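I opened the model to take notes on its fold, core and charged side chains. My entries follow the structure.

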Amino acid sequence: MPQFEDISLRKAYVSGEPEFDTIIPKSGENKDKEVDVVKFNIGHSTWKADPADADKMVQSKPTYYEVRVYGNDAEHLSQIIKVGMAVNVSGSVKTEVWNDSNGDVREKHIINADDVALNLSQKRIESINLAPKTETADHSQKKSLDKAINELPKASYNPAQPKAGMGIK
């Protein structure tokens, strides 16, 4: 069974339409529970100095990954991820290896993503629009913390007043 390793990719390009699904895992902490998942493909290359000419850069052959995002973010990501977007992805990766029907060795790199972020350095971005904030469990918890903090006595600052004999007139 392949082992997962940490991975962080910057400026990988989405190369396939996202697919949203709801699954029921047969093992793990979510065994027998419905879990949302979105899967999409990315390609990632690196640039290195050309060994023949240090003044030139060469791009590596891209490595392709299937990215999987589980849980509450899956459905939202499935709606906003588009082919051609540059994204930064971090999480854990494993590589599955097998022989196809012709006997050729095949590999599939799978990233279970902890975070997917839009890379803002891409030139095709024209604007970014944020939806209005909505109340969620996380926001209501923050508000209850804010209320508790606001009920604490306010700190005050009284600068020391100079006393006679301190050389201040």
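**Fold.** I counted two helices and eight strands in the protein chain. I took helices (H or I, at least four residues) and strands (E, at least two) as DSSP runs, numbered from the N terminus. Along the sequence I read the pattern β-β-β-β-β-β-α-β-β-α.

**Ground rules.** This is a predicted model, where local features need pLDDT of at least 70, side-chain atom pairs count only at pLDDT 80 or more, and totals for chains, interfaces and linings use all residues. Residues are numbered from 1 along each chain as its sequence is written, and side-chain values use heavy atoms, with hydrogens and water left out.

**Burial and core.** I looked up burial next. Buried means under 20% relative accessible area, exposed over 50%, and partly exposed in between (1.4 Å probe, protein chains only). Of the 169 residues in the protein chain, 23% are buried. I then went to the largest nonpolar core, which holds 19 residues. Such a core is a set of buried Ala, Val, Leu, Ile, Met, Phe, Trp, Tyr and Cys residues joined through side-chain atoms within 4.5 Å. Phe40, Ile42, Val67, Val69, Val89, Ile111 and Val116 touch the most other members. At least two residues each come from β1, β3 (35–44), β6 (63–70), α1 (74–80), β7 (86–99) and β8. β1 gives the most, with four residues.

**Salt bridges.** How many salt bridges does a search of the whole structure find? It finds four. I counted a side-chain nitrogen of Lys or Arg within 4 Å of a carboxyl oxygen of Asp or Glu. Glu66 pairs with Arg68 at 2.5 Å, N to O. Glu66 is buried at 12% relative accessible area, and Arg68 is buried at 17%. Glu66 also meets Lys108, at 3.2 Å, N to O. That pair links distant parts of the chain, with Glu66 in strand β6 and Lys108 in strand β8, 42 residues apart. Lys108 is partly exposed at 30%. I noted Glu66, Arg68 and Lys108 as a network of salt bridges. Lys94 and Glu96 form another bridge, their closest N and O atoms being 3.6 Å apart. Lys94 is buried at 13%, whereas Glu96 is partly exposed at 28%.

**Negative patch.** Last, I checked the surface. Glu5, Asp6, Asp73, Asp114 and Asp115 form a negative patch. Patch residues have over 30% relative accessible area and no salt bridge, with like charges joined within 9 Å. β1 (5–14) and β8 (105–118) each supply at least two of its residues. Asp115 sits in strand β8 and is partly exposed at 42%.

Methods
Patches are made of residues with over 30% relative accessible area and no salt bridge: like charges are joined within 9 Å, nonpolar side chains (Val, Leu, Ile, Met, Phe, Trp, Tyr) within 5 Å. Accessible areas come from the Shrake-Rupley method with a 1.4 Å probe; for residues, only the protein chains shown count as cover. Lys and Arg count as positive and Asp and Glu as negative; His and the chain ends are not counted. The place of a charge is taken as NZ of Lys, CZ of Arg, CG of Asp or CD of Glu.
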